[in-house]
Protein chains: 2
Amino acid sequence: MDHGRSPGHRAGLTHAAVLSAARELLAEHGIAGLTMRMLAARLDVAPNALYSHVASKTALVDALLDDVLGEVAVLTPSVENPALGLHQLMTSTYDVLVGHADLVPLYLSRQGAHGPNALRLGEVTLDLLRRAGVPEPTASDALRVLIVYTIGFAAFTRHLPATGGSERRPSAAEMQSSFEHGLGWLLAGISDDHPDAQSHLRFASETEPKRPARK
Amino acid sequence: MDHGRSPGHRAGLTHAAVLSAARELLAEHGIAGLTMRMLAARLDVAPNALYSHVASKTALVDALLDDVLGEVAVLTPSVENPALGLHQLMTSTYDVLVGHADLVPLYLSRQGAHGPNALRLGEVTLDLLRRAGVPEPTASDALRVLIVYTIGFAAFTRHLPATGGSERRPSAAEMQSSFEHGLGWLLAGISDDHPDAQSHLRFASETEPKRPARK
DNA sequence: ACCTGAACACCGTTCAAGT
DNA sequence: ACCTGAACACCGTTCAAGT
């Protein structure tokens, strides 16, 4: 594989190139195809050459997920309607993660070394919660709940466990619909715990425009 | 390792013995220690001997998780108070899964070949939802949402991502508290969608006795 | 600093035997 | 049917070189 290159010559790899090739590999061959050796082969490089640009495979996966998280749409801070902004942010995160569902379980099994994009999303969410009038002890709970709920649902969109009885596997569209229902319940519950909130979060799920089903 | 045993003699393994040894291995050495070869070594057996009792490693993991799920307390069907039964069932599931949090991400990454215990839990949950007065299109959504929420939270109890800013890692007790808050929001939201429900699910989270923090 | 060659210490799984 | 011995086709990672 390694195109005629003697020990001293370099291939011109970069961290970004490795990351980008990893994303392609993941998209094409799924999670099973994402190995250091396959990645090296795709880059026409010896397997150990990758370690000049990536500390380890787990570091690669962490970087990969944060890279994906960078695609989440963080619209104008929605100062006027934080409730709607909250709903939009979670659904956008859900959409992006579903597009790379293989990555989530892999990320779950590691120490969550959170990248800058993940941190940014957490901060934006917390900010929206506060603006919606949710006071501090509850806001932290709500942040955790929303994150876990969204990521958990994204991880499950492919294979849902035990939906009871002999029912067939729910489609991606059904999963998205269930996700949206549950998100509405959560946002309503958060808001109902604090009736002095400036606007009911429940409002968001009703005014949100329909998204097209994923390809 | 293999105690003097010639090719023809048997070691007396059973499916249950393999499964039990796998649980011990998981508890002692974590997820990294759960390999077919380590498992064989612990049973004083050649690695390939396991394949007489287990089809593959993924089948082992599936069986392992369903075995764990068998520990979930399914109390008297709570005919009188389905709302409280629902809350109790989810918290029990959460507690059990948190005790084996390593298993969940591994389970997520596979095709969810659902064992009998998982199916039973799904059916019991759905039954409770119906008894609580939740009509059918919503009940399926609620079932999915509750399952995903509970399993997702269990998977995250060790490493929570992006709780925003530079806050330190939440403790297990904090995670449990957040889980319970979110569960209350969900149950309240489900019940509020159907005001004719025989009893507000919200009621459950208020009458539920305190559980001791996990060891 | 970046890359190669070779190797180490593992994996899950299969195949041909033995009783 | 259950187990061993040996092997296959992989892994991630390290170490000593080369330029």
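Predicted model: local features only at pLDDT ≥ 70, side-chain atom pairs only at ≥ 80, totals over all residues.
Helix 4 of chain A covers residues 82-98 and helix 6 of chain A covers residues 116-131; their axes lie 8 Å apart, at an angle of about 155°. Angles over 145 degrees count as roughly antiparallel, so that is how helix 4 of chain A runs relative to helix 6 of chain A.

Who meets whom? From helix 4 of chain A come residues including A:Leu86, A:Leu89 and A:Met90, and helix 6 of chain A brings, among them, A:Val124, A:Leu128 and A:Arg131. Sorted by type, the residues of this contact are eight nonpolar, three polar and one charged.

Now over to the aromatic rings. Across all chains, the structure holds ten aromatic pairs. One of them joins B:Tyr94 and B:Phe153, with ring centres 6.3 Å apart and planes at 70°, so this pair is edge-to-face. B:Tyr94 sits in helix 4 of chain B and B:Phe153 in helix 7 of chain B, so the pair ties together parts 59 residues apart in sequence.

Finally, a word on confidence. The mean pLDDT of chain A is 84, and 80% of its residues score at least 70. Within chain A, helix 2 (residues 36-42) has the highest mean, 98, while helix 9 (residues 202-207) has the lowest, 46. Residues 203-210 of chain A fall below 50, and that stretch has eleven contacts in the model beyond near neighbours in sequence.

Conventions:
Residues numbered from 1 in each chain as written. Chains lettered and ligands numbered in written order. Heavy atoms only, no water. pLDDT = per-residue confidence, 0-100. Helix = DSSP H or I, 4+ residues; strand = E, 2+ residues; numbered from the N terminus. Contact = heavy atoms within 4.5 Å. Axes fitted to C-alpha atoms, helices over the stretch in contact; angles between N-to-C directions. Parallel < 35°, antiparallel > 145°, perpendicular 65-115°, else oblique. Nonpolar A, V, L, I, M, F, W, Y, C, P; charged D, E, K, R; others polar. Phe/Tyr/Trp six-rings, centres within 6.5 Å; stacked < 30°, edge-to-face > 60°.
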